[in-house]
Amino acid sequence: MRYIKRAGMFLLLGGMLMLFGCGNKMYKIDYCGEQGCYEDAKDSYKEGKKVTLRYGLIATDTNYSFYLDDEPVDYKYEDGAYVISFMMPGHDVKLECRTSNLMAYTRMAVTVTNQVKTADVWIIPDTEENRKTTIWGTATISQLGAEASETVYLNDSADEAGMYLIRMIDEDGMFYSADGISLEDNQSIVIRETEDRIVIIEIYDVNGTKLTEDEMFAARL
């Protein structure tokens with residue numbers, strides 16, 4: 001009888017260990033050869049555990065982004081390091097840090113003159129992604145008054161071949177846009193309204209010579 005009770009206890013304990021131990025399985029992180037860049041990074045973590053890592057090898061003039069199994073992972077800059085956090089899934093994962101050199105970009109000055117109404121103006125790279133979105137972030141020039149001019153400094157990259165999208169929303173809720181605008185250093189943009197109330201965008205070179213003139217798309221928001 002004692003043997004049977006003892007065997008039953010062993011079976012019960014074994015079942016409990018199987019039941020509660022299944023969530024304690026460890027899974028590996030592939031750091032893509034950069035494990036030493038993450039402070040106190042372990043080879044593996046338990047499934048369901050919140051993993052918090054600090055990436056401290058930060059260079060100037062460099063953009064950083066982090067991907068878990070090729071999907072963007074949340075991170076923030078804190079006390080001189082990037083802090084990455086995620087829940088460990090039930091499988092091995094790959095954590096990758098991707099960088100881009102800011103020195104690939106050169107700053108160029110562009111002067112914008114608004115001859116319509118007070119408006120927010122966005123000047124953004126002409127990419128397929130930017131053409132599809134209606135969210136452009138902070139305005140390049142905020143509340144540019146009618147008959148006012150302002151010089152801004154843009155990041156120019158060979159990847160976009162100097163082509164930009166111009167977006168403008170005036171104080172009356174009118175939206176204006178122009179695509180495929182070519183810009184170079186020290187050029188000027190003039191946005192004006194014709195007698196027929198058509199809004200035109202003009203590009204001038206450093207000597208004041210008009211290079212292009214295009215009608216802007218207009219719609220009320």
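Which residue in β8 stands opposite Leu 53? It is Ile 84. This model is predicted.

- Strands pair through backbone hydrogen bonds, in a parallel or an antiparallel way.
- β4 (residues 50-55) and β8 (residues 81-87) pair over 6 bridges.
- Leu 53 faces Ile 84 across this pairing, and Tyr 55 stands opposite Tyr 82 in β8.
- β8 is mostly covered, with 5 of its 7 residues buried.

- β7 and β8 pair in the antiparallel sense over 4 bridges.
- Tyr 77 has Tyr 82 of β8 as its bridge partner.
- The hairpin has 2 residues between the strands.
- Asp 79 takes a positive phi near 50° in this hairpin.

**Aromatic residues**

- The structure holds 12 aromatic pairs.
- In one of them, the ring centres of Tyr 38 and Tyr 55 are 5.0 Å apart and the planes are at 70°, so the pair is edge-to-face.
- This pair links distant parts of the chain: Tyr 38 is in β2, Tyr 55 is in β4, and they are 17 residues apart.
- Both Tyr 38 and Tyr 55 are buried.
- Tyr 64 and Tyr 82 have ring centres 5.4 Å apart and planes at 40°, so this pair is tilted.
- Tyr 64 lies in β5 (residues 62-68) and Tyr 82 in β8, so the pair ties together parts 18 residues apart in sequence.
- Tyr 64 and Tyr 82 are both buried.
- One aromatic cluster is formed by Tyr 31, Tyr 38, Tyr 55, Tyr 64, Phe 66, Tyr 75, Tyr 77 and Tyr 82.

**Asp 170**

- Asp 170 sits in strand β14 (residues 163-170).
- A polar atom of the Asp 170 side chain lies 2.8 Å from the backbone nitrogen of Asp 172.
- Leaving aside residues up to four places away in sequence, Asp 170 touches Lys 117, Thr 118, Ala 119 and Tyr 176.

How values were computed:
Residues numbered from 1 in each chain as written. Predicted model: local features only at pLDDT ≥ 70, side-chain atom pairs only at ≥ 80, totals over all residues. Heavy atoms only, no water. Polar contact = N/O pair within 3.5 Å; in protein donor to acceptor, adjacent residues only side chain to side chain. Contact = heavy atoms within 4.5 Å. Pairing = 2+ DSSP bridges. Buried < 20%, exposed > 50% of the residue type's maximum accessible area, 1.4 Å probe, protein only. Phe/Tyr/Trp six-rings, centres within 6.5 Å; stacked < 30°, edge-to-face > 60°.
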